[in-house]
Amino acid sequence: MNAENDLKAQADQNIPEGYDPDLYRIRHSLAHIMAQAVIERYPGTMTAIGPPIENGFYYDFDLPDKLGEEDLKGIENRMKEIIRGRHSFRVREVGPDEARELFRDNPYKLELVEGLTQGGYDEYGNALPDAQQTAITVYRQDTFLDLCRGPHMEHTGEIKFNAFKLMNVSSAYWHGDEQNPMLTRIYGTAWRDKTELHAHLKRLEEAQRRDHRRLGRELELFMGHEFIGTGLPIWLPNGATVRRLIEEYIEEEERKAGYMHVYSPHLGKQELYEKSGHWEHYKDEMFPPIELKNENLVLRPMNCPHHILIYASKLHSYRDLPIRIAELGTMYRFEKSGKMGGLSRVRAMTLNDAHIFCSPSQVKEEFANVMRLVERAYRTLGIADYAYRLSLRDKADSEKYVDNDAMWDMAEDMLRETMDALDLPYVEVPGEAAFYGPKLDIQFRDVLGREETYSTIQIDFHLPNQFDLTYIDRDDRECHPVIIHRGVLSTMERMVAYLIELYAGAFPVWLAPIQAVLIPISDRHIAYAQQVTARLAQAGFRVEIDESNNRINAKIRNAQLRKIPYMLVVGDREVQGESVSVRLRSGENLNAMPVTAFEALLRHIANTRSLSLVENEKQPEA
């Protein structure tokens, strides 16, 4: 028992930093319990891997037959029976030969055993640093034995059977490689008790209500097509309007801040990316080169090499600096098919990109100016839930990062000092820097509380040296500038996806694809409604008229489902008074007002980019 207790104590070290230890043990244990239930119900099943993940767990299976959502309830019921059995989780260390014998009929486990034996991979097939070797341990509960490093609960009875739920069934390639066998993945969520489970399920309901993929279809914002390809969305008129308005806004703000906008090709020679270092560090994430007779062209994964060449096209003096080059630049990344979805993960993306070429003494001021632009843009868009992360290099990883200690120390110190001077809170995360320099990542939280990086600001001393960029200083010496890489609003795809979910599709008036719809009560009111529609359209507003034969309540309901901010109902009284009865998508009525008064209201709300539908309100409705 002492040896077993020692192994269990050591297993606690496998809990990821920041993961609640109790929840990790619960979820890890339920993954094994689920595997036992699946094997019992579907003889001939082979298990692959089953780790805890954020909010739950999953397990991958090679099943003899196809599994569907309707099968989950039966698996759940068997899991509850196993939990009630109060089976102990027992662990022991085994040698390579015994491990091979234990899993002789399971090629997935045998592959993992070889990874552990040779060093370099853990029980989930993840690479270990420096090809380190680790002990091989197996855990058993009841009839189920698994290759596992733990930790687990002491016994199954410690898990509350009403605090977990199997969520869905999907497909996954072994090791995420499309060349490998396709497996069946079952996802589950698990919590300490019933209350926590129900709270999570409620959050999932809210996330479903706001899911940008569903709303994108319903509101006709974007679409995909198999003839075009995975991860290559088509912007429909409504979505294109939202995107265009965001682009116009940020370009206006950038012009005010001294940026010069350019257009550059979506392609570049392979040699360009070899020189920049992207070929070495990002080749696997780039599309294959287009091989021509005398050259290889590459769809660009980054915009910075093009902007660097623009800077290098002429001589510069210190008087020219800073030079701020901006572009809504389209880039291409060969994302794995399983990682893509909607607008948030795509293969073609347009980044709100810019590169500031400045002297070292100007870095802090320019960085601060970028931060002010970021904060201003977030306020305008109604983004409030975000945090700052300093993404630094891992000093032990000389392959991933440029080997120049002095350069890294200087750049990282500049980031810290600037953030401290701005009095902005941040956390430091080693190992998340770009290969050529540290960066400030701005993290957004979605409706489930998950973090994603949206805005990024990088300090780069490396690429100016790579491309031998220079300027003439006050003493007529050639010096290398510093490059600040910055993306204020992320890619248009990811930002629009976030805003769809932030507002549940009910965009602020200035972003709404259709700002108002005229709803005539009967056919005799259509002519007047057409006059008002034409007047508002001539004034620059996005309006339309509902001339369908539907009843008035159906027309209003349709406009609400389309998230149109204002419904302008017109009947005999409105025709006589040259007015409109204004109804908000939130269900409130502003009653009748002269067309001139509504036009003034709409102009004020739209031009000030208000987050409300009426004046003197600060919070948007969703």
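The model is predicted, with pLDDT of at least 70 required for local features and 80 or more for side-chain atom pairs, while totals for chains, interfaces and linings use all residues. Residues are numbered from 1 along each chain as its sequence is written, and side-chain values use heavy atoms, without hydrogens and water.

**Helix H16**

Now select residues 526-538, which make up H16. The 13 residues span 18 Å from first C-alpha to last, close to the 18 Å expected at 1.5 Å a residue (the expected span is 1.5 Å times one less than the number of residues). Within H16, show the side chains of Ile-526, Tyr-528, Ala-529, Val-532, Thr-533 and Leu-536, which are buried. Buried means under 20% relative accessible area, exposed means over 50%, and partly exposed lies in between, with a 1.4 Å probe and protein chains only. An α-helix has 3.6 residues a turn, so residues three or four places apart point the same way. Turn to the other side of H16 to find Gln-531 and Gln-538, which are exposed. After the helix comes Gly-540, with a positive phi near 100°.

**A nonpolar surface patch**

Select Leu-267, Ile-290 and Leu-292. Together they form a nonpolar patch on the surface with about 230 Å² of accessible area. Accessible areas come from the Shrake-Rupley method with a 1.4 Å probe, and for residues only the protein chains shown count as cover. Patches take residues with over 30% relative accessible area and no salt bridge, joining like charges within 9 Å and nonpolar side chains (Val, Leu, Ile, Met, Phe, Trp, Tyr) within 5 Å. Ile-290 belongs to strand S13 (residues 290-291) and, at 39% relative accessibility, is partly exposed.

**Salt bridges**

The structure has 47 salt bridges, each a side-chain nitrogen of Lys or Arg within 4 Å of a carboxyl oxygen of Asp or Glu. Side chains of opposite charge can pair when their charged atoms come close.

Go to Glu-366 and Arg-324, whose closest N and O atoms are 2.9 Å apart in a salt bridge. This pair links distant parts of the chain, 42 residues apart: Glu-366 is in helix H12 (residues 363-381) and Arg-324 in strand S15 (residues 323-332). Glu-366 is buried at 4% relative accessible area, and Arg-324 also counts as buried, at 16%.

Next, select Lys-256 and Glu-252, which form a salt bridge at 3.2 Å, N to O. They are four residues apart in helix H8 (residues 237-256), and are therefore separated by about one helical turn. Lys-256 is exposed, with 60% relative accessible area, whereas Glu-252 is partly exposed at 26%.

Then move to Glu-451 and Arg-445, a salt bridge with its closest N and O atoms 3.3 Å apart. Glu-451 is partly exposed at 39% relative accessible area, as is Arg-445 at 38%. To finish this part, select Glu-252, Glu-253, Lys-256, Arg-376 and Arg-609, which salt bridges with shared partners join into one network.

**Backbone stops**

Most residues other than glycine have a negative phi, and most peptide bonds are trans. Select Gly-150 and Pro-151: the peptide bond joining them is cis, with omega about 0°. Pro-151 is in the loop between strand S6 (144-147) and strand S7 (164-173). Another cis peptide bond runs from Leu-321 to Pro-322, with omega near 0°. The loop that holds Pro-322 lies between helix H11 (304-312) and S15.

Which loop holds Asp-423? Asp-423 is between helix H13 (405-421) and strand S18 (427-430). Asp-423 is not a glycine, yet has a positive phi of about 60°, and is exposed at 68% relative accessible area.

End at Asp-468, in the loop between helix H14 (462-466) and strand S21 (471-472). Its phi is positive, about 50°, although Asp-468 is not a glycine. Asp-468 is exposed, with a relative accessible area of 54%.

Technical notes:
Helices (H or I, at least four residues) and strands (E, at least two) are DSSP runs, numbered from the N terminus.
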